[in-house]
Amino acid sequence: SSGINAEWPLRPGCKEKIDRCKTSLQCQREDLKRLYLDSVTNGQILDLLARIDKVREVSGVLDNYIKHKHYQHATRLLKTNVALLEGNLSSVDALKDIKEELKKEKSTDCDSALIPLL
């Protein structure tokens with residue numbers, strides 16, 4: 001450290017160059033932090049979109065389970081997706097129709113076979 005300080009007068013402009021490098025590194029560090037936070041946010045958005053896609057496909061899968069008399073699978077699928085729609089995805093307006101459809105399915109079509117399993 002003392003050797004470097006002793007050489008400063010011999011190298012004009014060196015301190016300014018080092019200061020500019022420090023500033024540049026700080027800016028790059030902030031950019032990396034911003035990019036990291038963006039990637040985390042985008043990952044959460046992708047996860048949410050994947051959940052939404054799965055919920056949108058539930059109706060067809062549920063009908064297929066009931067058609068093949070797999071009532072336990074249908075019940076499990078119905079319960080988990082209704083809970084998901086009432087929990088994490090409750091604020092998604094585009095899924096309100098699906099939510100109502102699944103609730104109606106739970107209360108009407110599945111009364112005879114599925115309700116005893118709930």
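**Helices and salt bridges in a predicted model**

Biologist: Starting with Asp-38, what does its relative accessibility make it count as?

Modeller: Asp-38 counts as partly exposed, because its relative accessibility is 37%, and partly exposed covers the range between the 20% limit for buried and the 50% limit for exposed. Please keep in mind that this is a predicted model.

Biologist: Which residue does Asp-38 form a salt bridge with?

Modeller: The partner of Asp-38 is Arg-34, and the closest N and O atoms of the pair are 3.6 Å apart. Arg-34 is itself partly exposed, with a relative accessible area of 43%.

Biologist: How many salt bridges does the structure hold?

Modeller: The structure holds three salt bridges. Besides the pair of Arg-34 and Asp-38, there is one that joins the side chains of Asp-47 and Arg-51, at 3.1 Å from N to O, and another between Arg-56 and Asp-53, whose closest N and O atoms are 3.9 Å apart.

Biologist: How far apart in the helix are Asp-47 and Arg-51?

Modeller: They are four residues apart, about one turn of the helix, and both lie in helix 2. Asp-47 is partly exposed at a relative accessible area of 39%, and Arg-51 is also partly exposed, at 28%.

Biologist: What about the spacing of Arg-56 and Asp-53?

Modeller: Arg-56 and Asp-53 are separated by about one helical turn, because they are three residues apart in helix 2. Arg-56 is exposed, since its relative accessible area is 55% and exposed begins over 50%, whereas Asp-53 is partly exposed at 40%.

Biologist: Switching topic, which residues form the nonpolar patch on the surface?

Modeller: The nonpolar patch consists of Tyr-36, Leu-37 and Val-40, which together have about 300 Å² of accessible area. Leu-37 is found in helix 2, which covers residues 14–56, and at 45% relative accessibility Leu-37 counts as partly exposed.

Biologist: Stepping back, how many helices and strands are in the protein chain?

Modeller: The protein chain has five helices and zero strands. Of its 118 residues, 18% count as buried, and the chain exposes about 9100 Å², with carbon and sulfur atoms supplying 55% of that area.

Biologist: What share of the contacts with a separation of 6 or more comes from residues 24 or more positions apart?

Modeller: Residues 24 or more positions apart account for 58% of those contacts in the protein chain.

Biologist: Now helix 4, which of its residues are buried?

Modeller: The buried residues in helix 4 are Ala-74, Thr-75, Leu-77, Leu-78, Asn-81, Val-82, Leu-84 and Leu-85.

Biologist: There's a threonine in that list, so what does the side chain of Thr-75 have within reach of its polar atom?

Modeller: A polar atom of the Thr-75 side chain lies 2.7 Å from the backbone oxygen of Tyr-71. Thr-75 is buried, because its relative accessible area is 5% and buried means under 20%.

Biologist: Last one, how does the span of helix 4 agree with what its residues should give?

Modeller: Helix 4 has 16 residues, residues 71–86, which at 1.5 Å a residue should span 22 Å, and its end C-alpha atoms are 22 Å apart, so the two agree.

Definitions and conventions
Residues numbered from 1 in each chain as written. Predicted model: local features only at pLDDT ≥ 70, side-chain atom pairs only at ≥ 80, totals over all residues. Heavy atoms only, no water. Helix = DSSP H or I, 4+ residues; strand = E, 2+ residues; numbered from the N terminus. Buried < 20%, exposed > 50% of the residue type's maximum accessible area, 1.4 Å probe, protein only. Contact = heavy atoms within 4.5 Å. Areas by Shrake-Rupley, 256 points an atom, 1.4 Å probe, with all protein chains shown as cover. Expected span 1.5 Å × (residues − 1). Patch = residues over 30% accessible without salt bridge, like charges linked within 9 Å, V, L, I, M, F, W, Y side chains within 5 Å. Salt bridge = Lys/Arg side-chain N within 4 Å of Asp/Glu carboxyl O. Polar contact = N/O pair within 3.5 Å; in protein donor to acceptor, adjacent residues only side chain to side chain.
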